[in-house]
Every structure is written in structure tokens, then in C-alpha cells.
Amino acid sequence: MLAIEHIEKTYAARKGSHPVRALRGVSFEVARGDFFALLGPSGCGKTTILQSIAGLETPDSGTIRIGDRPVFDAANSVFLTASQRMLGMVFQSYAIWPHMTVFDNVAFPLVHGRDRKPREEVRKRVMAALARVKLESFADRLAPHLSGGQQQRVAIARAIVHEPRLLLLDEPLSNLDARLRDTMREELRQIVKSLGITTIFVTHDQVEAMGMADRIAVINQGEIMQIGSPSDVYFSPRNAFVANFVGRSNTITGKVTSIERSGGQTLRRVATPIGEICSTADSEVKAGEKALCIIRPQAFSAFAAGGEENIFEGALTGQTFLGDFIDATIAVGDTQLCAVFNSYDKTPPGSTIRLTVPFDRCVIVPAD
Amino acid sequence: MAIQTTSPARPRPRAASSGPSRLALSVALLVIACLVLGPLLILLRTALTPPDTFPLDGWEFTFDNFRTILASSELPTLLLNTAVYAFGSIIIGLVMAAWLAWLVERTDMPGRTFIRIALFTWMAVPPVILGFGWILLINPGNGILNALWSFFTGEAGPLTIYSMWALIFITGVSVTPTAFVMIGGLFRNMDPQLETAGFVHGGGRWAVARRIVIPLLMPGLLSVAIYVFIAVVQAFELPLIVGLTARIPVLSTRIYLLSTPDVGVPNYGLSAAFGILLLMIACLLMLLYFRVIGAGEKYKVVTGKAFHPRRVHLGPWAVPAFALSAVLVFLMVMPLLVLFWTSFLRFYELPTFDALTRMSLDTYREVLGRTAVRSAILNTVILVFVSSIATMALASVVSWLATRGQGWLARALDVMSFSPMAIPPIVMAMAILLLYLRTPLYGSVMILIIGHITIYLAFATRTMSSALVQLHKELSDAAMVCGAGWWTTLRRIVLPLVWPQLLNGWIWVLAHSARDLTIPLLLMTNKNMVMSTVMWTLWDVPDLPGAAALSTLLVLALLLIVVPIQLWIARASERR
């Protein structure tokens, strides 16, 4: 449905600073009906990608195709303006026009857009879109008289009323309070999925990306770090950035000493300051290379269950009670490891802890 | 990772720009350059011609005119007069404006809305008319205030209009509304939390004022002072009406007298050279202004958050404070009342019960009966409507292109459209006169329209670009993504949202175009008289009641347009 090939964007140098390479050869594809998240810290270029798809920003090179039609192709000077691309978009500020009623805001794409509809049809479609976001009774209100959550629903209704091929969401939940965000997360995904619209969703919040997207692209400094399903990205991060940006992790530097194959599995042995760590997870690191061993705090269990496991012993140096779980710090030699314990397991501070972690939960990535 | 472009050379997409096209930017830049630079180049050329030759005759260049100026003994006097006049006026204007602005914006004084509306509508009052009114009030012979004085004391009145202090006082009063609007904005936009934080951390009232409020306001106040200073240095009408009789020549009146002497041939070369001198002074002041504004940025106290300023509770001081403000406002209205009185008489006389019986509408009937006056009224209507609408249309397009465009073209457009701010109207009028002197445009209303577009473009562009900059870019992006073209976006989204500012700019230009005497007087022939020039000629005759009647009509007409629109704008911006 959407194919982006090698787009680059460099912002010219301002006085006294270097040019900024906002996008460094970004490529990805999104299948029809997918809910695709662009996840990254602020300033990583994710919004530039979204704006390039919308036609509000012009990349320096590369191609963008929506459906089977190129909307941007630097080599052949193809550029469709934002108004020719027939998309729906929810802006970060919602961009609800304050001088219009809710109805007029939502009707805009049908009245002034490319695919104009007769009056009766407009009325029917707008009311249907408003019904979908549960705002039918607000149709005649002026936009500034709405709460933040309601404004966001209007923005969603406006973005879906003309049944666009592609829906773009620019951090749509970041301006809502925590409780509203949780409900809207469910609702937004449910609305979009029921309509079957392909959706690109920009966020810096990993919880939003994990909870809503079918696939996630993790972006850092204008480059795509990893694309995959939420569980792929979480369980098999491709590098230290992904491991630390999506969830938390312990990163232990070391060196791969040997690679062994046994019973269809590949076993890597890594020499680290806290002893040898064995891993059966997929990896591209070769023997003799420097590596990072990534272990999620949730991967540990404090009590050995037997089987193929790495075992560490250390003193409990700190614990924070967070209600749902306990955040614990264990010193193994000079290295502090972070682990998550069950809230009901009380452990006295300073006591010696035996941490075990199965081989397949240790991920080996190349050192930067 | 090294910051270096590794991609091979590819053809850059030319048409692929989401902003306005380079063609549109270039055309706009060309139009503005013709309007602004054309006259100035001719002015420079004229200043460099030998004495006693007409501009554009021959190719001789000489610095004779500048040598004459520098050698003459009148230059120090002119500069000193101008400096004393400007400093005196801004001190009076700023003190009055700061006092009123503080009471209106930061205290609970009763009647503050009334005072704010009174000062905001003051721009509808032409300075020429103020000058006339003050002459009737305090001229040494039969000025009303002097007459009152001798009625009570039996001696001759001490006041005289024809002196430096009177000129300073009148100008100070006439710049007060402008300074009030600017200083009021400073007070209003200051986050009260900054003061509250001072009180919470143990500061007393005086300590908070001295260490927090005044330092924060200082850059803003300084920039207002320089802005008003520039306005006074450029002022022409009051020095013309009051200063000429008082024999207090300043730079602006000198330029006028050289180009339109009562006897003899106009000395355009010398006049243009003085114009260049005044232009240079104004440009230096403008640079200073930008330095101060730049320094003020670092104290930027406008947070964009909505807040209501803390109001000081005046308590028992409320009534005296209001009384004093009302006196100040009355002081400003007094000259209008005198003219109003005079307009109902056939011959000017002091207001007495006896004179009351002779009041009639005869003057109005007589003045309006003249064909010259009728055609002047028609010319005025054409001038103010065409020039204000054209200025706002041009300013809207230019500021839209400058704020949404990219690259040096957009920046050049921004600078070029703002540059007339530094050009004194009298200099611009002089330059336009020289440029169009031998074209058919000379002597038409069209040349006045061109002049007004040129001098009011800077203000109109500023108004529109600050409105457009504040408009969140996503509001227009959203319309584009919904499938609307740029014209629909401009018409349905952008213009409705900046409508109050557009209207505000429009009445500002309209009122200023109607009250201006500079451009119409320098470019005056018997075919393009407007109300301000007719008033001036009637006053010169002298036909005081006639001038007063026309003044009253002009002020009433302007108030009828300005007041309702201002009220509507105030309501519209409160709704947001």
C-alpha cells in the first residue's frame, strides 16, 4: 500500500551550525490494512517521514509510492501536493479550525476536497463519522468549546470521513491526560481496524507503539534501526539502541569466544566481567568479535528452575517498591544488574541473590 | 557518524516544493522594489544634481548640495531644534501613556474600559486638526485659555502656541495614544506569576517593582521610546502648523519649504539633500530600535499561556486616579471641542452666552456648497478606500509569501516590505513628487494612492505577518491534507482566522490615509485636493469656521467607521 525507498532529507546549515541530516536513506513498506508505528525519540526524523508521506515536506531524494502510484520521485521530478494525495491525517495539535462548528470541520474534506459529495451524502457521512467517535450530539458546537479529548475525536472523524487510502497520525495521544490516553488507545485502534484503513502512526511512547501497532519501525537519528512486530522488537532487539528504547535492558559488554552448534541450535559463549554468558538467541556476531549481551530485567528469575541457564550471584543493593512489581538492583562484581521481582516476594536488603536466566533470553548484538 | 552527504549527484526536484513558488516570490519582490526603491533612487539622483537645474536634466553629478548644507549655519540649529523637539515630546508622551496604561491594564480603576476605547479610537483624529484646535485654545491674542486667564486675573494670558514648549506639549499629547497601545501590550503580556514568585520568596512591594517588574519592562519601554522618537523626528504636520509661525524650523519642515517656496523656484536639489540627511538619521534610529528589540528577546515574558494579569486594588485611590485620567483624556479632547464650537459660527469668536445665539449650520451649508469642497470629499473617499484596500491586499499576499516561503527571496521580501518604516513620509512624498513630476500621474488622485500604499505598506505587512506567524501551521496543513488547494485554504481557513487583524490593519490604514496631510500637500495641484489639503488652504485664508466645519465632518466620519469596527474586533477576539 505504501512503499518508501531510500528517502533522504538534509536541512541546510543555519548560521554557526552544521547541516542537519534529518533522514539518512529511509526505506520501508506497509501492507494494506496494517497499523504501522514509527517509534523514536524526539528529533529522530519520524515526523519528517510522516510529513513527507503527507506531502507537507519534500525529501531531497528517494521515492514514495501510495498504492501503485508514485506521489514523490526525486529522480523523475514527480511531486503530488498534499491536497492531491487524498489522505487523512490527525495532527499533534489536532488543528481543529476554531471558526467552524464540529460539523463543518468534519465536512471539510467532502465539501472542499478532491472527491466532493452532494449535500445529502455529506450530511449522512459526517454524522456516521461523528457516530463512530461518539460525538453525534456535538455536531453544532463551535470547536473551541470542546475538551481536549473531544477535539481529538473530531480530528479523527475529519481524518476518516472521506475514507482515505492512508491515515496518518502524528502523536495523536500525546496531548491527552494519562487515563484518557489509555481509553483512546483502545478506541483508536478499534476504529481504524474496523474501517480497514492502512495507518501510519508516529509516537515517542513505546507503550503506545506496542499496544496499538501491528508492526513497529524503531528510528534513531534519521535511520531505521529495526522493523518488526512488537514482540520481535521486544524479544530480539537488533542493537543496543532498540533494546534500551523499547523497554529496559541490562547491557553487558563482552567478547564472543566460541560459536557451537548443537541440536539445531547455535550456542554463543560470551566472556563478560560477570562471567561467561551463553546465548541461543539468533545473532549475526562472529567468534572473536566484541559484543553486547542484552538481558531484560524481566528475563531473570530469582529462583533456579533447572535446565540451560546462566547463573549469577550478587548482593541486593537496592529495591524500589512500585506496587505492581519491585525494581531491584543486584551487584554482581562491579556490575549493577537490574531485575524485576514479584511484589509479594520480600527480600531483606544486602542479602545474596542467585539470578538465573535461560540461554534463549540472552540476546547478543554487535558492539557499536 | 560523519555528517557528510554521500548520495551521488541527482537532479533536484525543481517543482517539488511545498511552499509558494519562486516565481510568485520574485514578482512580489519586484513590485515592492519598484514602489519603494524607485522614488528613493530618484531622490538620490536629485540630491546630486547641480543647483538650479531640474532633476533628470543631464548627467552631471555633484556634491554641491551636501556642501551647501554642511557649510550653512542653519544646520546646527535645525538638528538641535529637531532633537529638543523629539526628546521633549517623548518624555511627555511616555509619562502620560505609562501612567494611563498602568491604571487601565494593571489596576481595578473604574472606567478603565472607557479610557482604553477612547485612546484606541484616537487614531481617527488627524494631527492637523489637533494643531488647529490648540491654536484656537492658546494663541496669544484671543486663545480661549488665555481669555479665561485674563477674565479671572485681569492680566494678559501667559500661554502662547507659538513656542517650542507648546509644540512639544501638543506633540507629546498626540503621541500618547500610540505609546499607550504599545506600553499597554507590555503590561498585559507580562506573566503575573513572575511577580507572585517575587512576593512568595519574601519580596516587598517595592523590592518586587524595583528588582523584577522594572528590569523586565525596561527593554520594552526603551523600544517604545525609540519608536516614538522616530515618529516625532519624522513628524511633519504639527511642526508645519505650529512651528512655522513660531519660527522653529525642524528638518521635515525645511524639506517642505525648499520644495514649495512661497516665492521663487523650488530648490529640488537642496531639498532632496536634506531629505537624504533625514533619511539617514531615521535609518540609524531604526537600527538602534532593532538592537534594543533584539536585546528584549532574551527577557521574553510572553509565554503563550493564557493568564489574567494581577490587578492592583486601588481602594480609596480609585476615584482620584480616575479623575486624573479623565483630565488627561479631556486635555486630548479639548481642541476637538473648540473646533466643534467654531464650526457653528460664521466668524470665529470666544464662547460666550451672547455668541450662543449666533450658532447656526450656515458654515456647513456654505462650505459644502462649494464645488471644490465637494470634489475634495469625493477624492478623499476614493483615496482612503482604494489605498486602504490595495494596501491590505498587497500586504496579505506579501506577508503570506514571506512567512510561508523559504530561502533568501522570502527574507528579502520581508526586509523590503518593512523598510518604508524607516523612510520619513515627508521624504517619501518628496521622492514621489520628483519621480512623477513630469508624468501624467502628477496631479491625479492616483499619485496620492501610490504614495499612501508605499508609506503604509510597512505597518500593514507587520500586522499581517504577525497574525500569520501566530497561526499554527498545522491549521492550514490540515486543510491541504483534506484535499483543499491553496486558494480554498486561504479563503476558508487562513483569512477567516486572521480576519480581526486584517480588519484592524485596514481601518488603521484607512484612518491614516484620511488624516494625512504630508503626501497630499506635497503633491497638491488644484485637481487632486482632498479634505486635509482643503482644510489647510481654508485655514491659511483664513477661514477658521470653514476649516473647523470640515474638520468636524472628517472626524465624525472617521469615528463612525472606526468605533463600530473596533468594538466588533474587540468582541471577536474575546470570543476566541
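Guide: Helices (H or I, at least four residues) and strands (E, at least two) are DSSP runs, numbered from the N terminus. This is a predicted model, where local features need pLDDT of at least 70, side-chain atom pairs count only at pLDDT 80 or more, and totals for chains, interfaces and linings use all residues. Residues are numbered from 1 along each chain as its sequence is written, while chains are lettered from A and ligands numbered from 1 in the order in which they are written.

Visitor: OK, which strand does S8(A) pair with, and over how many bridges?
Guide: Strand S8 (residues 166–170) of chain A pairs with S9(A) in the parallel sense, over 5 bridges.

Visitor: What joins S3(A) to S9(A)?
Guide: Strand S3 (residues 35–39) of chain A runs parallel to S9(A), with 5 bridges joining them. There, Leu39(A) has Thr203(A) as its bridge partner.

Visitor: Is S9(A) buried or exposed?
Guide: Buried, meaning 20 or more other C-beta atoms lie within 10 Å of a residue's own; exposed is 12 or fewer, partly exposed is in between, and C-beta atoms are placed from the backbone. For strand S9 (residues 198–203) of chain A, 6 of the 6 residues are buried, so the strand is largely enclosed by the rest of the structure.

Visitor: And which way do the S9(A) residues point?
Guide: Thr198(A), Ile200(A) and Val202(A) point one way, Thr199(A), Phe201(A) and Thr203(A) the other way, and all are buried. Side chains in a regular strand alternate between the two faces of the sheet.

Visitor: What do S8(A), H5(A) and S9(A) make?
Guide: With helix H5 (residues 178–195) of chain A, the strands S8(A) and S9(A) make a right-handed β-α-β unit. Right-handed means that, with the strands pointing away from the viewer, the path from the first strand over the helix to the second runs clockwise.

Visitor: Zooming out, how many helices and strands are in chain A?
Guide: Chain A has 8 helices and 20 strands. Of its 368 residues, 41% are buried. Chain A is also divided into domain 1 (2–236) and domain 2 (248–366), with bounds that come from an automatic or database domain assignment. The C-alpha centres of those two domains of chain A lie 39 Å apart.

Visitor: Switching over, how many helices and strands does chain B have?
Guide: Chain B has 24 helices and 0 strands. Its C-alpha trace spans about 90 × 75 × 50 Å along the principal axes, and 42% of its 576 residues count as buried.

Visitor: How many residues of chain B are in contact with chain A?
Guide: On the chain B side 29 residues are in contact with 33 residues of chain A. Contact means the C-beta atoms, placed from the backbone, lie within 7 Å. Helix H20 (473–481) and helix H21 (486–515) of chain B are the elements that give two or more residues to that side. The largest share, 7 residues, comes from H20(B).

Visitor: Last one: where does Leu75(B) lie?
Guide: Leu75(B) lies in helix H3 (residues 74–106) of chain B. Leu75(B) is partly exposed, with 16 other C-beta atoms within 10 Å. Not counting residues up to four places away in sequence, Leu75(B) touches Ile69(B) and Leu70(B).

Definitions and conventions. Two residues are in contact if their C-beta atoms, placed from the backbone, lie within 7 Å. Two strands pair if DSSP finds at least two bridges between them.
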